[in-house]
Protein chains: 2
Amino acid sequence: MKKVVIIGGMAAGCKTAARLRRLEPDTEIVIVEKLPFVSFGTCGMPFFASGEVESFDDLMSTAWGTVRTPEFFHNAKNVKVLTETTCTKIVPEHNFVEIVDKFGKKSILSYDFLVVATGSKPIEPPFIYPQSERISFFHSPTDAKKFRHLAEQGKISNATIIGGGFVGCELAEAVTSLWGIDLTLIEKENCLLSRSFDPEISNVLNSLFQSNGINVLVNTIVNQIEQKNDTLIVHTSKGNIETDYVFLTLGVKPNVELAEKSGITLGACGGIYVDETLRTNFENLFAAGDCIEINNLVTHKKDVFALGSLANRQGRVVADNISGLESTFKGAVGSISLKVFDTIFASTCISTSCCYKDSISFSFACASFYDRPHYYPEAKVLFAKALYEKESGRLLGLQMCGKGEVTRYVDIFTVLLERGATYKDLLDVEHCYTPSHSSPLNPLNYLGGIIENQERFGITPVSSVEFEKYRKEWNIMDLRKENEIKEMPLDCEFIHIDYDNWRSEIQKLDLSSRILCVCQKGPRSLEIAISLKHLGAKKVGYLAGGLQILNSAL
Amino acid sequence: MKKVVIIGGMAAGCKTAARLRRLEPDTEIVIVEKLPFVSFGTCGMPFFASGEVESFDDLMSTAWGTVRTPEFFHNAKNVKVLTETTCTKIVPEHNFVEIVDKFGKKSILSYDFLVVATGSKPIEPPFIYPQSERISFFHSPTDAKKFRHLAEQGKISNATIIGGGFVGCELAEAVTSLWGIDLTLIEKENCLLSRSFDPEISNVLNSLFQSNGINVLVNTIVNQIEQKNDTLIVHTSKGNIETDYVFLTLGVKPNVELAEKSGITLGACGGIYVDETLRTNFENLFAAGDCIEINNLVTHKKDVFALGSLANRQGRVVADNISGLESTFKGAVGSISLKVFDTIFASTCISTSCCYKDSISFSFACASFYDRPHYYPEAKVLFAKALYEKESGRLLGLQMCGKGEVTRYVDIFTVLLERGATYKDLLDVEHCYTPSHSSPLNPLNYLGGIIENQERFGITPVSSVEFEKYRKEWNIMDLRKENEIKEMPLDCEFIHIDYDNWRSEIQKLDLSSRILCVCQKGPRSLEIAISLKHLGAKKVGYLAGGLQILNSAL
Ligand SMILES: Cc1cc2nc3c(=O)[nH]c(=O)nc-3n(C[C@H](O)[C@H](O)[C@H](O)COP(=O)(O)OP(=O)(O)OC[C@H]3O[C@@H](n4cnc5c(N)ncnc54)[C@H](O)[C@@H]3O)c2cc1C
Ligand SMILES: Cc1cc2nc3c(=O)[nH]c(=O)nc-3n(C[C@H](O)[C@H](O)[C@H](O)COP(=O)(O)OP(=O)(O)OC[C@H]3O[C@@H](n4cnc5c(N)ncnc54)[C@H](O)[C@@H]3O)c2cc1C
C-alpha cells in the first residue's frame, strides 16, 4: 500500500491530506505535527486575541461545529495525525523520517512520498530582549493564548508592537479595540506595511491608527528590551517606552532547518526550492506552503509569500502530483488585504520600494473616487495607486484602501497582472454596475483612462508625497469651487480658476511657467492639464488623486 | 474645422464628446438631445423614485455639485448641446442631419463624423391599456418624476409592476421601501430575472420580496388594463388586480427607427450593426450605447445589452476612432447586478435558459458557502451557480447572491470568461485573503474544485429545483449532525449517517441503489459521494449547495 507522510499539520499539510484522500481511498496518510493542534485557523488568531472569536476551539472547528481533532481526521477522513510529535530528520535517500513524540520516544516512519509543510517561523529581532511571559511573537496558537490569558486578567493596560507589517497591523486593532489597551506600534521603515504599500496609502492607515488612539512610531529603531518586575522598557531611537506587554512581529521566514540539513535544496530567497509541480530535488519529496519559494508572476523572480490562501492551493497541487495527475502551481503575485477599523487595505504585487529594489523603470497613477455614483447616499471614497512599467505599459501592482469594495478591484487587477496585461487592458474591464454598489466606470477603467491620458499627453502625475517639493517650485492652480476651497483649504500660494468656467479665466495663467493643477479628487485637474498642453504649455502636472489623498481624507 | 454631430445626449453620447474634446481641442462638437436634460444619470432613477436621491438635479450633477446643463458643457468643455431638439433624418450620403427644435423649427447640421447614440426604448406591451397619468414605463427621466409626484401627494397606496426583469425588480424595492406602497410584481416566466438567473438563485429573490410584503406572481400573463376613475384593473391569467398605478417594465430594445430609415444597417438582434471600431456601414458614421448590437464574448454571437457601463466604454472607443487612434470594443458578456433589501444579486453571461436556447451542452455546479471563515462573527452565506460547457470545460456563466462580496467574484469570473477560461482556471484564482472578509479558498477556487470533483468522479449534481424529482426515486442519505437536522428538517424519507463517523456506519447503505447525499451546504455530501464511488457504488449524486439553497436560507 502506498504510504504518504506529511510533516506539518496546518493549511498546506491538511489540504494535501484531504485532497489525496479524495483521489486515493486506500493510501496510508500520516500527518506529523509538533503542536498539540492540527488544522488550526492561524489567520483567525488576531480575532481570538481580541476576543471577537470567543473560544480557541472555534479556530479548529468545521463549519458544522466538529472540532478537527486527530480522532476526527481518523474517523471522517481515515488520516492518521500524530500531534505533539516532531520530525527530527529526513533521510530522502532511504525514504524515511525520524520522529519524536511528546514523551521523547523516537521512531521511524518510512514513506513512498513525503510532503514537507513546515510553514514559516517568526524573524528573531536583532536586539537583546529577556525571556518573559510578557513578550511573545504572534505566530503560534500558543502566542495568542498567552496574551489573551493576561489580557482577560486585566494585567495589560499598555502594550507595544514591534514591527508594522501585516501581522503587527492586524494585531494593533485587535489589541486596542476590545481590551481598550493603550498601544504603541513601532516600525523601522518610513511607513507601515512598507513592502505592500506606498506612503500615499500607508499614511491613511497611519492616520486611522492615530485617530483611534494608537501611537504609531515610524522611522524608529528598537535597540533593546529590559524587564523590571512586571514592566518592560523598550529602548528606541526615539526614547524609552514603558509597557506591560511586547509583541515581536518583525515578519516571518521559511522554516527550513530540517529540510536543509537533510539535503533538500533551498533557493535564493531562503525557501525550499521547488519546480512547478512542487517537487523538491528529490523525485518523491514535495514541499508546500510557507516553507517554499515560488515564482513571482510579475517580477519573474523567485519570491516568498507567507499566505494561507496560497498554502491551501499548493496542498491540492501536491496531492494531485502524488496521485499521478499532472498539476502545477505556476506562481503568485502575493495579494494581501487587511481590515482596520472598518477600512480595508489591499495590495497586489509590487510597490514603489520593490520597483527601486529590482531596478524596474515604472510610473504610477493615483486616484481617489467614489465607489458609487456620488448621488447615491452611501457613496464612499476609495484611494488607489497603480504602478506600471514605463516602457511596455505592463501592470506591476495596485494598492487600494477605503470602506467600499476595495478587494473586488484588487482581485480583478490580480487576474490581469498574472496574464501580463497592460494599462490599456484596464479600459476593457467589464463589471457589474448598479448604483447601489458601483459606478458605470469601475476604478480599473478609471485608472486605465488616467494612465492613458498621462502617457498620451505627457502630463506629470505628482503624488501627494511629492507635493511638498512641487509646491515650492511650480505654479499651483486650484480648480475647485469656492465652497470646496473653504472646506479643505490649500495651504500654499495658488492661482484660483474655477473648472466650470476655466476657459474664460485662462488668461490669468503664464503658459511658459511650470503649472501644477489641483482639485479635490483629480479628474478636473487632469482634464485641464491636458487642455493646457493643447494650448501650448510646456510643463504641466497635476496632483494625482487630488487634495482628498493629500489630506488622507477618506 | 472638423465637425462632429452626436445624436443622443446621455451615457454614450456624452462620453464620446468628453473624450473627443480631450483628444481634439478644436473640433466642433454638437450634441442633439430630444429631452430637456443632458447627461442624466438614468441608472439612478429608481433611487429618485424612492426618494433616496432627493432632488432630480442630483442625477445631473458632477461630483463637485455643478448641474450638467448645456451652459456647463459649453463653458467647461466647449461642447454645444441642443436640448429639446430631435434629429428627424440622417442623410449619410451627404453628411448632414435634419433637426427640429422645441418650437418646431427645422434646420440642418452638416458633419464630418456622425455618432448615433439614441439608446433604447421600452418594449410595448402586447395587451391593451389606456393612456393614463397612472400608467408609465420606467425609462425616461420624466417617468420617474410622474410617479414620484403622485406618490408624494399620497395618491398611490397600491401599485403594480408588470415585468420582473432588472428594472422591474429594482423598482420593486424603491416603490415599497420608502413610500410603503402595497405592491404586486407580475412576471410571465417561471422566475424573476429569468434571462440572468436560474430558479435556484431567483427563488431567493422571490422569497426576499415576499418576506418584505411584495406580492410576486410568476407564470402570470397580463391580458388587459382597464381604468375606472382613479383605479386601474389589471386582468391577468390569475385573476384581476385593482391598483392605483402601473409600471410597464417589459424590457427594452434598441431605438433604431431613425437609423433604419436612413439606410444604416441593422443586425440580427435588431440593434445597429457595427464592427469592432463601432463603425456602421458608413465610414464616418459611428454608433454606441444601447442602440447597437455587439459580440457576446462567450456565445460568439451578436447580442444586445442595455448597460450603462458598456455605453460609457463604447463612447471612448468612438471618440478614439474619430480621432484616428485605433481603438476597438471587442464585445462583452453582459454582467449585471442589483441590490434588493441588502442582498446583492449578480450574474455574468449565460444562464440555463440561454444554454437551452442556444443548444449549448452544459453542466453546472451549485454551492453555498460562508463569505468568510465560519468562525468569524459576521460571516454571511453566499449562493452560487456556475455553468460550464460539458465537453471542453469552458466557463459559460456565474450567478451569485448574498449579503457579502458577491460582485467581487462575479467580476473576477467575468475577466476569466472573456479570456475563454475553463473551470480548471478557477482553481488558480489568487485573491486577497483575510478572515474579516474572505476565506483562504475563495468562492471561485471552491467552485473549480467542486466541478473538478464532479467531473473526475462522475458525481451527479442535483440542484435544489431538481430535488423534488430525485427524492422520490433515489435513496436519500442525510450526512448532518442531529442538531442540524432538528434545525432544518429534511421533509422526506432518508437514511441518517453522520459525516463525522460515516466510515463506521456505511454498512447501513445498499451500494447498488441510487444514492443521493445531502448535507447543509454541500461539501460533506460531495466528499461522501466520492467515497461511495470508490467503494463501488454505481449511481451517486449529491444535493448541490445543500439544504441551505433548497430552503433559500441565506
Ligand atoms: C497572526 C497571523 C495572521 C495571518 N493572517 C493571514 C491572512 O489574513 N491571510 C493569509 O493569506 N495568510 C495569513 N497568515 C499566514 C498563514 O497563516 C500561513 O500562510 C499559513 O498558515 C501557512 O500554512 P502552512 O501549512 O504552510 O504553515 P504553518 O501554518 O506555519 O504550519 C506549519 C506547521 O508545521 C509544524 N512543524 C514545523 N516543523 C515541524 C517538524 N519538524 N515536525 C513536526 N511539525 C512541524 C508547525 O508546528 C506548524 O504547525 C497569517 C499568519 C499569522 C501568524
Ligand atoms: C431605470 C433604469 C435603471 C438602469 N440601471 C442600470 C444599471 O444599474 N446598470 C447598468 O449598467 N445600466 C442600467 N440601465 C441602463 C442604462 O441606463 C443604459 O444602458 C444607458 O443609459 C445607455 O446609454 P445610451 O447613451 O446608449 O442611451 P440612453 O441613455 O437611452 O440615451 C439615449 C438618448 O438619445 C436621445 N434620443 C433618441 N433619439 C433621438 C433623436 N432622434 N434625436 C435626439 N435625441 C434622441 C434620447 O432622448 C436619450 O436621451 C438602467 C436603465 C434604466 C431605465
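**Stop 1: two helices in chain B**

Select helix 1 and helix 8 of chain B: helix 1 passes helix 8 there in a right-handed crossing. Keep in mind as you look around that this is a predicted model. Turn the view until you can follow both axes; those of helix 1 and helix 8 of chain B come within 7 Å and cross at roughly 40°. Helix 1 of chain B and helix 8 of chain B are therefore described as oblique to each other. If you wonder what to look for in such a pair, two packed helices are described by the angle between their axes and the distance between the axes.

**Stop 2: ligand 2**

Which parts of chain B each supply at least two residues of the shell around ligand 2? They are helix 1 (11-23), strand 4 (86-91), helix 5 (166-177) and helix 8 (308-322). Helix 8 of chain B gives the largest share of this shell, with three residues.

Now show the residues around ligand 2. There are 34 of them, and the ones that come nearest are Y433(A), A12(B), E33(B), D290(B) and G308(B). Colour by chain and check the letters: the site is shared between chains, because residues from chains A and B surround ligand 2.

Next, zoom in on single atoms.

- Pick Y433(A): one of its backbone N or O atoms lies 2.7 Å from a nitrogen atom of ligand 2.
- Move to E33(B), where a polar side-chain atom lies 2.7 Å from an oxygen atom of ligand 2.
- Finish at L307(B), which has a backbone N or O atom 3.2 Å from an oxygen atom of ligand 2.

Ligand 2 taken alone exposes 990 Å², and the protein buries 92% of that.

**Stop 3: ligand 1**

Hide that site and centre the view on ligand 1. How many residues surround ligand 1? The count is 34, and the closest are A12(A), E33(A), D290(A), G308(A) and Y433(B).

Helix 1 (11-23), strand 4 (86-91), helix 5 (166-177) and helix 8 (308-322) of chain A each bring at least two residues to the shell around ligand 1. With three residues, helix 8 of chain A provides the largest share. By type, the shell around ligand 1 holds 18 nonpolar, 13 polar and three charged residues.

- At E33(A), an N or O atom in the side chain is 2.6 Å from an oxygen atom of ligand 1.
- At D290(A), a side-chain N or O atom is 2.8 Å from an oxygen atom of ligand 1.
- At A11(A), a backbone N or O atom lies 3.3 Å from an oxygen atom of ligand 1.

On its own, ligand 1 has 990 Å² of accessible area, and the protein covers 93% of it.

**Stop 4: a helix pair across the two chains**

Select residues 406-418 in chains A and B; this is helix 10 in each chain. The two helices pack at an angle of about 20°, with their axes 9 Å apart. Helix 10 of chain A and helix 10 of chain B are therefore roughly parallel to each other. Look along the pair: helix 10 of chain A passes helix 10 of chain B in a right-handed crossing.

**Stop 5: one last pair in chain B**

Finally, select helix 12 (residues 443-457) and helix 16 (residues 523-534) of chain B, whose axes are 11 Å apart at an angle of about 20°. That makes helix 12 of chain B roughly parallel to helix 16 of chain B. Left-handed or right-handed? The crossing of helix 12 and helix 16 of chain B is left-handed.

How values were computed
Residues numbered from 1 in each chain as written. Chains lettered and ligands numbered in written order. Predicted model: local features only at pLDDT ≥ 70, side-chain atom pairs only at ≥ 80, totals over all residues. Heavy atoms only, no water. Near = heavy atom within 4 Å. Polar contact = N/O pair within 3.5 Å; in protein donor to acceptor, adjacent residues only side chain to side chain. Areas by Shrake-Rupley, 256 points an atom, 1.4 Å probe, with all protein chains shown as cover. Helix = DSSP H or I, 4+ residues; strand = E, 2+ residues; numbered from the N terminus. Axes fitted to C-alpha atoms, helices over the stretch in contact; angles between N-to-C directions. Parallel < 35°, antiparallel > 145°, perpendicular 65-115°, else oblique. Left-handed = near helix turned anticlockwise from the far one by under 90°. Nonpolar A, V, L, I, M, F, W, Y, C, P; charged D, E, K, R; others polar.
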